[in-house]
Every structure is written in structure tokens, then in C-alpha cells.
Amino acid sequence: MNAMTFLINTAFDLYIMVVLLRVWLQWSRADFYNPFSQFVVKATQPVVGPLRRMVPALGGLDLATVLFAYLLMVAKFVALDLVAGNPLAMSSGMFLFSAIALLKAAGKLLFWVLILRAILSWVSQGNNPVEHVFHQLTEPVCAPVRRILPPIGGLDLSILVIFIALQFINMLIGDLVGPVWYAL
């Protein structure tokens, strides 16, 4: 069972990250002609395209893609329940837990993109298309922090501040939701 649980978790988590990347690319108005962006769009378009005809966008947020990511998270937990031998153990708590897990996945995605951006900034020559998209994705998050805490001696501490904030939010969600989820 552990092997199947690992496989289900990995497959769903990777695809959910790609779907969340699509939402993030649209929100940050990143270059959609970049090869990395094209991969994300082509990997999600078969489902998101038809869903967009039924679910309208809300401002700058693509609700169809967010709904798809949420449904993937629900499907992940249903699949994990089936593998664990709890067929149709769906409850109203599962839907709330899926929404919270989706928020945590978005935070985890932000963390990894920031890590990759920092590493690429150290080793890259600046002509990498993935680095360009990562910069476009993270700049709307880093710029407000950089206005409050400007680079000191050429060292940009905004990413470190965001890491601390992400860890705080992650722990806060665990503190607030953990006891509630175990009670369900």
C-alpha cells in the first residue's frame, strides 16, 4: 500500500503543481510564449479549455483553472481513501481539507519556485528562459517585501523574509486546522 500511496501522491501533486503554475502565470502576467509557459499551458489545456467555457474568470483570477486544481485535490484524497480501504469515505470535512491542502500546495509551489530562482541566480548567465519566467512569477511577491526591506550590501533578503512568512502561515494553518480535522 505504501508504494501505491507514494505513486498517487506524487502523480497528483506534480500535476496539481502544473495547474497551479498556470493560475500563477496568468495572475503574474508572465510571458506565455516562453517555452516553460508553453509546457504548462499545453499540459493543462485539454481540461482547462473546455472548463473555461463554463466557468468565467473573476477579475484577474482564472476560476476554471482554480476549480480544476481543487477537483484534482479532491480526486487525490478519494484515490488515497480507496487505496487505504475506505471506499467513499467522503465527508464535508474532506472538501474543506482539500481546499486547505490546495492552499498549502500553492505555498509549497511558491517556496520551490523561490528556491529555484535563488539557485539559478547564482549559477545562471541570465539567458535561461526558465529563469526569466521564475523572475516574472516571483517579482510580484518579492517587490513589496523589497520596498520595506531594500537590499543590504547587495544582498536581497526579500526571499528569506518570504520563506519565514510561508513557514509561519504553514504552521498557523496546522495549528488552526489540525485539531479540527482530527475531530472529523
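Student: What are the ground rules for the values?

Tutor: In this predicted model, local features need pLDDT of at least 70 and side-chain atom pairs count only at pLDDT 80 or more, whereas totals for chains, interfaces and linings use all residues. Residues are numbered from 1 along each chain as its sequence is written, and side-chain values use heavy atoms, with hydrogens and water left out.

Student: Why is Ile162 called buried?

Tutor: Buried means under 20% relative accessible area, exposed over 50%, and partly exposed in between (1.4 Å probe, protein chains only). Ile162 has 6% relative accessibility, so it counts as buried.

Student: Where is Ile162 found, and which residues is Ile162 in contact with, leaving aside its neighbours within four places in sequence?

Tutor: Ile162 belongs to helix H6 (residues 158-183); helices are DSSP runs of H or I, at least four residues, numbered from the N terminus. With those neighbours set aside, Ile162 contacts Leu110, Leu114, Val141, Cys142 and Val145, where contact means heavy atoms within 4.5 Å. Val141 is 21 residues from Ile162 in sequence, with a C-alpha to C-alpha distance of 8.2 Å.

Student: How do you know that the span of H1 agrees with expectation?

Tutor: The expected span is 1.5 Å times one less than the number of residues. The 26 residues of H1 (residues 2-27) should therefore span 38 Å, and the end C-alpha atoms are 37 Å apart, which agrees.

Student: What makes H5 bent at Glu139?

Tutor: The bend is the angle between axes fitted to the seven residues ending there and the seven starting there. At Glu139 this angle is about 50°, and Pro140 follows within four residues.

Notes. Helix = DSSP H or I, 4+ residues; strand = E, 2+ residues; numbered from the N terminus.
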